[in-house]
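I am opening a notebook on this structure and want to write down what I looked up, one entry at a time. I begin with strands and end with a pocket.

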Amino acid sequence: MTQIVKMKGMNKHFGKLHVLKSIDLTVEQGEVVVIIGASGSGKSTLIRCVNGLEEYESGILEVDNHPLAPKAGNQKTLAEIRKGVGMVFQQFNLFPHLTVKKNIMLAPMKVKSASQVIANATAERLLERVGIGDQADKYPSQLSGGQQQRVAIARALAMEPKLMLFDEPTSALDPEMIGEVLDVMRELAKDGMTMMVVTHEMGFAREVADRVIYIHEGKIVEEGNPSEVFDNPQNERTQAFLSRVLAH
């Protein structure tokens, strides 16, 4: 299998705070890796390092065979990585003055120099794929939170990424809207999309993940398939965390 992400001994600080501690992690092509842990454990920072939104200080990080050096000097490499990595955030980050369709068309036109005709066709196809083809000409403010997040997913898919990163994509949504976003992510997983997902949705993690990573205070303390991690966790930190979150 092809490794899309490779981390070896990766460290990240925010000032004196050691946020990521000697992270060793690989993600294979077609694999869905779900990252869980308490707030502040370093989950989001880890995936933000993958597309260079955060710089790490030491260790090794490679994304799709592109070595991403620690700290500065990565502009050309980052540009290549970001062509093949889509990211969906907690907040939707849509342009409010553009229609839904034009929000999606922007990335392939600007980054991949796609023609307006091709970008338009891509946007229409992806809006159908995420289940909101009838919303193309509306503005983000006219959509529900769940619909806006599906637009954000479609926008990321417009780059034809090899890897999708999700940073708690349902945490800003009302409970009744969470399912519609998770359904889209389930379909992506079924289609073989390589995904790294930070989430508090344990049912989704159990159902969709090939591998679950539990991070505690910047360290990977447990990893395995969902049944191993959820049904038979070996680390007492994992046991304590799951006993809290699964009780609700």
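**Entry 1: a strand and its neighbours**

I looked up strand β7 (residues 163-167) and found that β7 pairs with β8 in the parallel sense over five bridges. Two strands count as paired here if DSSP finds at least two bridges between them, and strands (E, at least two residues) and helices (H or I, at least four residues) are DSSP runs, numbered from the N terminus. Within this pair, M164 stands opposite M195 in β8. I then followed the chain from β7 through helix α6 (residues 175-190) to β8, and noted that this β-α-β crossover is right-handed; the term says that, with the strands pointing away from the viewer, the path from the first strand over the helix to the second runs clockwise.

I note for myself that this is a predicted model, in which local features need pLDDT of at least 70 and side-chain atom pairs count only at pLDDT 80 or more, while totals for chains, interfaces and linings use all residues. Residues are numbered from 1 along each chain as its sequence is written, and side-chain values use heavy atoms, with hydrogens and water left out.

**Entry 2: the sheet around β8**

β8 is also joined to strand β3 (residues 32-36), by four bridges, and these two run parallel; V34 has V197 as its bridge partner in β8. β3 in turn runs parallel to strand β9 (residues 211-216), with four bridges between them, and the partner of V33 in β9 is R211. I could then write down the whole open sheet, which has six strands in the order β6-β7-β8-β3-β9-β10 and mixed pairing. Its edge strands are β6 and β10 (219-224), each of which pairs on one side only.

**Entry 3: a second sheet**

I found another open sheet, made of four strands in the order β2-β1-β4-β5 with antiparallel pairing. β2 (17-28) and β5 (66-67) stand at its edges with a single partner strand each, so one side of each is left without a neighbour in the sheet. Between β1 (residues 3-14) and β4 (residues 58-63) I noted five bridges, and N11 has S58 as its bridge partner in β4.

**Entry 4: a covered helix**

Helix α1 (residues 43-50) is mostly covered, with seven of its eight residues buried, among them L46, I47 and V50. Just after α1, G52 takes a positive phi of about 75 degrees.

**Entry 5: the largest pocket**

The largest pocket has a volume of about 480 Å³. A pocket is an open set of points on a 1 Å grid over the protein atoms alone, where a 1.4 Å probe fits, with protein on both sides within 12 Å along at least five of seven lines; lining residues have an atom within 4 Å of a point. The volume is the space filled by probe spheres set on the points. Of the 18 lining residues, M87, A107, R155, A156 and M159 are the closest to the pocket's centre. α3 gives the most to this lining, with five residues.

Key:
Buried means under 20% relative accessible area, exposed over 50%, partly exposed in between (1.4 Å probe, protein chains only).
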